[in-house]
Amino acid sequence: MVIYETHRALFDSLSEKSIRDLELSRLDHPWTLDEINARAGATDGVCYPILDYGTVSEGIVPQDTLFPSVFVRELAAQAVAEQGYKLVGAWLDDPLFRAMALPFCEAEPVSRDQNWVDARRARVTLVDAPTIEFVNTGRLNRIQPFSIDNRDPFFYDGKVNNYNPVTYQYTADTDMRLRVVAYQEFVARVELGAPELKLIVEVNGANVHQAYWSKTLYNTSILAEKRDRLEVDTSVLLKKGDVVKIRLTVGKRTTFAEYKLKIFQTSETAFASFEPDPVVYTGDNWLVARNLPDLKCSLLLKSIAFQMSGWFNIDNQRKTVELIKLTDLTNNRVNAVDWSAKVEESEAPEVQFRIEPYAQKNYVKYKEQDGVDKGYGDGVIRCENTAQSTETALFELPFSATLPSTRQVGDFGLPLLIETRKITGRGDTIQINKNSTSPRIILVEPTKTFEVATQILDINGNIKPAAVTLTGCWFARRENSIVTNENNFSLAFDPVPGQVSEVPLIGRYFGGLKRVLRRPRVFVPSLYLRPVDMATLNPNLPIRLKNVRIGDIEIADGYFYLNRVNNYQSGRTCTISLIAL
């Protein structure tokens with residue numbers, strides 16, 4: 001019998017769900033400076049830390065990179081709550097755990113995934129027809145008859161079928177921002193006066209954007225026929241049920257005019273596309289869950305256990321989940337369970353002087369990421385006396401370590417750098433390239449907030465300075481501005497360069513493991529365990545053996561970690577695996 005078998009059901013369920021799928025709508029909020037300021041110093045839910053996403057310049061943090069982070073305990077609690085469980089235990093009050101947060105790490109914040117977008121995309125055209133010609137007179141005012149939406153691969157309508165090829169309209173099935181592109185080619189030759197053409201995007205019958213053409217004394221050469229085009233490329237905010245159509249009008253701008261116009265009607269010269277834009281812009285609603293890393297819930301919980309050198313005790317009757325730290329167990333001798341009287345002393349135990357899979361050097365790592373120094377934040381736990389292999393990677397977290405930026409922000413100092421944006425060129429040729437990066441985990445100090453310079457667009461589209469209040473954070477080494485007596489800890493397993501007073505993870509949590517590996521011993525004795533022993537078994541308490549002789553081994557007083565119970569059957573002896581503490 002494997003004593004942890006009953007734990008598997010919960011973790012199997014959590015392994016099928018991404019943290020993006022958690023119900024966190026209570027944390028959604030408008031992405032505005034007022035809402036960001038309201039979360040300064042937050043201790044749960046969502047906070048806004050000081051981070052450099054690659055575009056901090058002269059101490060100014062661009063408004064469109066003021067991204068939120070989500071506290072890890074919020075995610076862990078929600079993950080188990082959706083399976084009917086509750087987090088319990090002293091570990092919930094651990095200051096380091098309470099400070100852990102997951103920052104935004106994607107190229108763009110979005111409100112929907114690509115599958116949702118693809119289901120609502122449409123690209124349409126009209127049936128090829130003769131060219132419409134106007135000479136000096138005549139008018140055209142029509143909804144473009146885009147009736148073809150099923151000619152792969154160029155023309156299509158997503159599976160939601162928002163486009164109607166009979167009424168030539170796109171209907172929003174839910175609230176969305178829709179990018180609309182419309183195109184129309186024509187030829188104009190103008191000798192006198194001026195004709196005019198308009199290609200209009202209409203929402204519920206109202207003109208919301210248009211392309212306009214009107215010229216005089218234009219294209220008068222008889223040797224060449226110059227083609228022109230009307231093109232609209234705009235985004236519109238739609239409510240559920242709103243209708244979008246494309247209108248083309250042709251007429252005269254002047255009373256007198258001499259001209260020739262040709263309006264082409266082929267799939268190469270007239271078409272439109274409709275595509276929902278999932279990007280979240282300033283002022284939109286920030287959907288917290290959707291903009292988390294795509295990380296399985298089980299992997300998040302396992303990462304917490306790895307970082308804190310512990311494991312989860314799951315009580316299926318009380319529906320609780322508690323993290324047990326190995327160091328706490330090794331120090332909990334006062335509550336040890338005495339099994340001395342249950343030992344079958346006549347059977348010699350199996351004894352091993354090494355513990356698999358530990359090697360002489362056991363590396364604990366963060367995920368490698370371009371732009372982060374290799375090995376930064378990693379650590380090593382040594383077991384040099386009895387291990388057979390030289391070295392092994394004990395585990396690698398799904399998060400990457402995070403270096404400090406070289407660009408200072410106000411009174412805070414050097415923020416952490418999560419480089420999802422790179423600036424190239426300068427002046428009129430400047431470009432910002434956006435890319436996602438691997439998930440990160442940081443520490444937040446809610447008692448230390450700072451007013452930071454940013455820039456916003458006013459109602460006239462002009463850039464103006466503004467200020468926003470953000471929260472201090474760190475990964476390994478704290479900036480002097482956020483040092484307190486209570487936060488002298490770090491997410492680095494071993495100290496990084498410049499880290500002096502911050503206790504690394506190995507120093508904070510791995511004392512119990514280091515104690516076990518200093519003199520590794522595994523005993524596999526035979527015991528007679530009653531059903532009540534198994535029913536009340538608590539693998540999170542040490543086992544005590546006192547004044548027992550097992551084969552040739554005499555134990556005066558020893559404490560052990562119960563690693564496994566093998567082949568348990570009521571009324572018979574079984575073997576157990578004990579690791580000496």
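The buried residues of helix H3 are Val 72, Arg 73, Glu 74, Leu 75, Ala 76, Gln 78, Ala 79 and Val 80, where buried means under 20% relative accessible area, exposed over 50% and partly exposed in between, with a 1.4 Å probe and protein chains only. Helix H3 spans residues 72-81 and is mostly covered, with eight of its ten residues buried; helices (H or I, at least four residues) and strands (E, at least two) are DSSP runs numbered from the N terminus. This is a predicted model, in which local features need pLDDT of at least 70 and side-chain atom pairs count only at pLDDT 80 or more, while totals for chains, interfaces and linings use all residues. Residues are numbered from 1 along each chain as its sequence is written, and side-chain values use heavy atoms, with hydrogens and water left out.

**Nonpolar cores**
- The largest nonpolar core has 106 residues, of which Ile 19, Leu 75, Leu 300, Ile 304, Tyr 366 and Phe 493 touch the most other members; such a core is a set of buried Ala, Val, Leu, Ile, Met, Phe, Trp, Tyr and Cys residues joined through side-chain atoms within 4.5 Å.
- A second, separate core of 40 residues includes Val 117, Met 176, Val 244 and Phe 274.
- Not counting residues up to four places away in sequence, Ile 19 touches Leu 75, Leu 102, Ala 289, Leu 292, Pro 293, Leu 295, Cys 297 and Leu 300, contact being defined as heavy atoms within 4.5 Å.

**Helix H9**
- In helix H9 (residues 511-518), the residues Gly 512, Leu 513, Val 516 and Leu 517 are buried.
- These four lie on the same side of H9, because they cover an arc of only 130° around the axis, taken from the directions from the helix axis to the C-beta atoms.
- The buried residues of H9 pack against helix H7 (326-330) and against strands S25 (361-365), S26 (379-382) and S37 (573-580).

**Individual buried residues**
- Pro 195 is found in strand S14 (residues 195-203) and is buried, with a relative accessible area of 0%.
- Leaving aside neighbours within four places in sequence, Pro 195 is in contact with residues including Trp 213, Lys 215, Arg 253 and Tyr 259.
- Arg 39, in the loop between helix H2 (33-38) and strand S2 (46-47), counts as buried at 18% relative accessibility.

**Toward the surface**
- Ile 423 lies in strand S29 (residues 421-424) and is partly exposed, with a relative accessible area of 43%.
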